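Q: Please take one part of this fold and look at it closely, following how that part is packed and then moving out to the residues around it. I would like one connected account, with each cut-off stated where the term is used.

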Amino acid sequence: MTGREDKKSNDLFFVCSLIDYIARKTLNKRRDVVDALGREAIEKIYELADIYHSDNIDNVSDQFIEEAGIREGCFDNVGECGYSIPSHWDIGKVYKRLILGIAREKNVPVTEALFLAYHSYVSDKIDDYNSSFYYDNPQNILTAFIDGKIE
């Protein structure tokens, strides 16, 4: 372990941040980006995150947008936000914590937990930047996922 967290947690952070970056750039929901990329590409990004992370994120996102054939959508949660907009790195951290919690709680691989997270109703709540849910306590976000409701 180097730094404050282990390498694979940092790699997951990059994957989640890249998903958010691509979603913002193409105006798609995060789950749609995850589906378009597919398991194979997400596992590749996760495995090679330290290499991709050293490159310009705009170049990396363009590469995966082209390879996956991601078309422009109409979901603009950034443009619709009436408040301070969290960065793709901020949201990447939220998803990273949620995914690690899901992997731990459900005893599934991280990439499986990633698909569960992005396909849950919690993802819609995180991506609503006009609410305060995305900066809620990470344990509360995980509990909302597990319980299937927000308390």
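A: The buried residues of helix α6 are covered by elements that include α1, α2, α5, α7 (121-126) and α8 (138-147), where helices are DSSP runs (H or I, at least four residues) numbered from the N terminus, and where covering rests on contact, meaning heavy atoms within 4.5 Å. The model is a predicted one, in which local features need pLDDT of at least 70 and side-chain atom pairs count only at pLDDT 80 or more, while totals for chains, interfaces and linings use all residues. Residues are numbered from 1 along each chain as its sequence is written, and side-chain values use heavy atoms, with hydrogens and water left out.

Helix α6 is mostly covered, with seven of its nine residues buried; buried means under 20% relative accessible area, exposed means over 50%, and partly exposed lies in between, using a 1.4 Å probe and protein chains only. The buried residues of α6 are V110, T111, A113, L114, F115, A117 and Y118.

One of the covering helices, α1 (residues 7-26), has an axis that comes within 12 Å of the axis of α6 (residues 110-118), and the two cross at roughly 35°. Here the axes are lines fitted to C-alpha atoms, for helices over the stretch in contact, and the angles run from 0 to 180 degrees between N-to-C directions. The crossing of α1 and α6 is right-handed, that is, the near helix is turned clockwise from the far one by less than a right angle. On the α1 side the meeting residues are L12, V15, C16 and I19, and on the α6 side they are V110, L114 and Y118. By class, this contact of α1 with α6 has seven nonpolar residues, no polar ones and no charged ones, with Ala, Val, Leu, Ile, Met, Phe, Trp, Tyr, Cys and Pro counted as nonpolar, Asp, Glu, Lys and Arg as charged, and the others, Gly among them, as polar. An α-helix has 3.6 residues a turn, so residues three or four places apart point the same way.

C16, one of the α1 residues in that contact, counts as buried because its relative accessibility is 0%, whereas C74 is exposed because its relative accessible area is 75%. A search of the whole structure finds zero disulfides, a disulfide being a pair of cysteine sulfur atoms within 2.5 Å.

S9, found in helix α1, is buried at 9% relative accessibility, and it touches K96 and L100 when residues up to four places away in sequence are not counted. D20 also has its place in α1 and is buried, with a relative accessible area of 1%. Its side chain is joined to that of R30 by a polar contact of 2.8 Å, the term meaning a pair of N or O atoms within 3.5 Å, of which, within protein, one must be able to donate a hydrogen and the other to accept it, with residues adjacent in sequence counted only if both atoms are side-chain atoms. Beyond its neighbours within four places in sequence, D20 is in contact with R30, H88, I91, D127 and Y129.

H88, one of those partners of D20, is found in helix α5 (residues 88-106) and counts as buried because its relative accessibility is 13%. Its side chain makes a polar contact of 3.1 Å with the side chain of W89, and, leaving aside neighbours within four places in sequence, H88 is in contact with S17, D20, Y21, R24 and I57.

L98 likewise has its place in α5 and is buried, with a relative accessible area of 2%. Its contacts, again leaving aside neighbours within four places in sequence, are A117, V122, I126, I141, L142 and F145, and A117 is among the buried residues of α6.

Two loop residues complete the account. N107, found in the loop between α5 and α6, has a phi near 55°, a positive value in a residue other than glycine, and counts as exposed because its relative accessibility is 71%. L27 lies in the loop between α1 and α2 (30-47), also has a positive phi near 55°, and is partly exposed, with a relative accessible area of 21%. Most residues other than glycine have a negative phi.
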